[in-house]
Amino acid sequence: MNSEWYKEEVNPEQMKAAVRAAQPVLDKGVQILEKQLAASLKAAASKEGFGTAAWPYKQAHYLGEQQALRKVITLLNLGK
């Protein structure tokens, strides 16, 4: 489990127990986010809009989106 869950808690053991109890919900969230990550990767690989001036900005958007999704997935994956 990522220490971000409990590092600033007054009662870290209580928080750890609460997070572990929520594991089924967190696992479902990971599944949803992984689908969104796959869609973002597919969209970024598409050549649609390649010739437009905004293409580099779209790529930067996709990269930022993917980075954020990966961070949240990592946080929600308890010990995986």
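Which residues does L33 touch, not counting residues up to four places away in sequence? The legends below, for close-up views of a predicted model, begin with this residue.

**View 1. Contacts of L33 in the predicted model.** Leaving aside residues up to four places away in sequence, L33 touches L69, V72, I73 and L76. L33 is one of the buried residues of helix 2.

**View 2. The largest nonpolar core.** Nine residues make up this core: V19, L26, V30, L33, L37, L69, I73, L76 and L78. Two elements, helix 2 and helix 3 (55–76), each give two or more residues to the core. Helix 2 supplies the largest share, namely four residues. In soluble globular proteins, nonpolar side chains tend to be buried together.

**View 3. Helix 2 and its buried residues.** Helix 2 contains 23 residues, and the distance from its first C-alpha to its last is 33 Å, close to the 33 Å expected at 1.5 Å a residue. Buried positions in this helix are L26, G29, V30, L33, L37, S40 and A44. The packing partners of these buried residues are helix 1 and helix 3.

**View 4. The surroundings of S40.** S40 belongs to helix 2 (residues 23–45). With a relative accessible area of 3%, S40 falls under the 20% limit and is therefore buried. When residues up to four places away in sequence are not counted, S40 touches Y62, E65 and Q66.

**View 5. The aromatic pair of F50 and W55.** The count of aromatic pairs comes to one. F50 and W55 form this pair in an edge-to-face arrangement, at 4.9 Å centre to centre and with 75 degrees between the planes. The angle of 75 degrees exceeds the limit of 60, so the pair counts as edge-to-face. F50 has a relative accessibility of 54% and is exposed, whereas W55, at a relative accessible area of 24%, is partly exposed.

**View 6. K16 over the ring of Y6.** K16 lies over the face of Y6. The distance from the ring centre is 4.4 Å.

**View 7. Confidence of the prediction.** The protein chain has a mean pLDDT of 92, and 99% of its residues reach 70 or more. Confidence is lowest in helix 1 (residues 12–21), with a mean of 94, and highest in helix 2, with a mean of 96. Where pLDDT is low, the predicted coordinates should not be read in detail.

How values were computed. Residues are numbered from 1 along each chain as its sequence is written. This is a predicted model: local features need pLDDT of at least 70, side-chain atom pairs count only at pLDDT 80 or more; totals for chains, interfaces and linings use all residues. Side-chain values use heavy atoms; hydrogens and water are left out. Buried means under 20% relative accessible area, exposed over 50%, partly exposed in between (1.4 Å probe, protein chains only). Contact means heavy atoms within 4.5 Å. Rings of Phe, Tyr and Trp (its six-membered ring) pair if their centres lie within 6.5 Å; planes under 30 degrees apart count as stacked, over 60 as edge-to-face and the rest as tilted. A charge sits over a ring if NZ of Lys or CZ of Arg is within 6 Å of the ring centre and within 35 degrees of the ring normal. pLDDT is the predictor's confidence in each residue, from 0 to 100. A nonpolar core is a set of buried Ala, Val, Leu, Ile, Met, Phe, Trp, Tyr and Cys residues joined through side-chain atoms within 4.5 Å. The expected span of a helix is 1.5 Å times one less than its number of residues.
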